[in-house]
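Here is a short briefing for a reader new to this structure. Look at the sequence and the model first, then work through the points by topic.

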Amino acid sequence: MIRLVLADDHPIVLQGLQQLFERHDDFQVVASCPDGTAALAAVVEHQPDVLVMDLRMPGKSGLDVLRVLSSARSSSRTILLTAIVRDDEVMEAVKLGVRGIVLKESSPEVLVDCVRRVYRGEQWLERETVTRALQRVLNRDGVDRDAGETLTPREIEIVRMVAQGMRNKVIAERLSISEGTVKVHLHNVYEKLGVDGRLELVLSAQQKGLI
């Protein structure tokens, strides 16, 4: 059972989200919240598996909530649901550890699939939106490099495994190396590509054509 907290300041949308997930036997909605402040309180109280929330809400926005959860090292995984997202918002959300970004124009089943994948430890992003944002940021910062020449074959192999949603332990088992060695490789990859974390790594790898 995937335990969910939902947050959206539009009552019709919030009710629709709750009804959507209640139609599936593998979801349990433990709280429906009208704003970011209530969402934070619900996460603290219920410790849900996944938080699905609107990006733009009165009071605390989705990014405000992400900042607090990131600082608190919350175990709940967060998905942002939004109609419009700016490039800087995408990149900040990635840095704060968001696990999924879904546009409100997507079909309901896309959101359901996203939540299931995020619960399993994968990332879900609207690739066109996020890749475009990353490209602009890379161009602005002047850090776009030829990753094919920068990374070693083993590092590229590990990047591709990360993009498939594999955790360090699984990667280590597949490559017959220690989990510590995987962490060292990932640290080197982060340094070479100028990224911070697995999700930003996957976005960079997509942009550079590695995956």
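Buried means under 20% relative accessible area, exposed means over 50%, and partly exposed is in between (1.4 Å probe, protein chains only). By that rule five of the six residues of E4 are buried, so this strand is largely enclosed by the rest of the structure. Helices (H or I, at least four residues) and strands (E, at least two) are DSSP runs, numbered from the N terminus.

This is a predicted model: local features need pLDDT of at least 70, side-chain atom pairs count only at pLDDT 80 or more, and totals for chains, interfaces and linings use all residues. Residues are numbered from 1 along each chain as its sequence is written, and side-chain values use heavy atoms, with hydrogens and water left out.

**The sheet**

- Six strands make an open sheet, in the order E2-E1-E3-E4-E5-E6, with parallel pairing. Two strands pair if DSSP finds at least two bridges between them.
- Strand E2 (27-33) and strand E6 (124-125) are the edges, and each pairs on one side only.
- E1 (residues 2-7) and E3 (residues 50-54) run parallel and are joined by four bridges. Leu4 has Val50 as its bridge partner in E3.
- Five bridges pair E3 with E4 in the parallel sense. Asp54 has Leu81 as its bridge partner in E4.
- E4 and E5 (residues 100-103) also run parallel, joined by four bridges. Leu81 has Val102 as its bridge partner in E5.

**Helices and the sheet**

- Helix H1 (residues 11-22) lies across E1, E2 and strand E4 (77-82), at about 170° to E2. Axes are lines fitted to C-alpha atoms, for helices over the stretch in contact, and angles run from 0 to 180 degrees between N-to-C directions.
- Helix H2 (residues 36-46) lies across E1, E2 and E3, at about 140° to E2.
- E3, helix H3 (residues 62-71) and E4 form a right-handed β-α-β unit. Right-handed means that, with the strands pointing away from the viewer, the path from the first strand over the helix to the second runs clockwise.

**The nonpolar core**

- A nonpolar core is a set of buried Ala, Val, Leu, Ile, Met, Phe, Trp, Tyr and Cys residues joined through side-chain atoms within 4.5 Å.
- The largest one has 28 residues, and Val5, Cys33, Leu51, Met53, Leu66, Leu80 and Val98 touch the most other members.
- Elements giving two or more residues to this core include E1, E2, H2, E3, H3, helix H4 (87-95) and helix H11 (198-207).
- Not counting residues up to four places away in sequence, Leu51 touches residues including Val5, Ala39, Val43 and Thr78. Contact means heavy atoms within 4.5 Å.
- Thr78 is in strand E4 and is buried, at 3% relative accessibility.
- Leaving aside neighbours within four places in sequence, Thr78 contacts Leu51, Met53, Leu66, Leu69, Val98, Arg99 and Gly100.

**An aromatic pair**

- Rings of Phe, Tyr and Trp (its six-membered ring) pair if their centres lie within 6.5 Å; planes under 30 degrees apart count as stacked, over 60 as edge-to-face and the rest as tilted.
- This rule gives one aromatic pair. The rings of Phe21 and Phe27 have centres 4.9 Å apart and planes at 70°, so the pair is edge-to-face.
- Phe21 is buried at 0% relative accessible area, and Phe27 is buried at 7%.

**Lys183**

- Lys183 lies in helix H10 (residues 179-193). Lys183 is partly exposed, with a relative accessible area of 48%.
- Lys183 and Ala172 are eleven residues apart in sequence and 9.4 Å apart in space, C-alpha to C-alpha.
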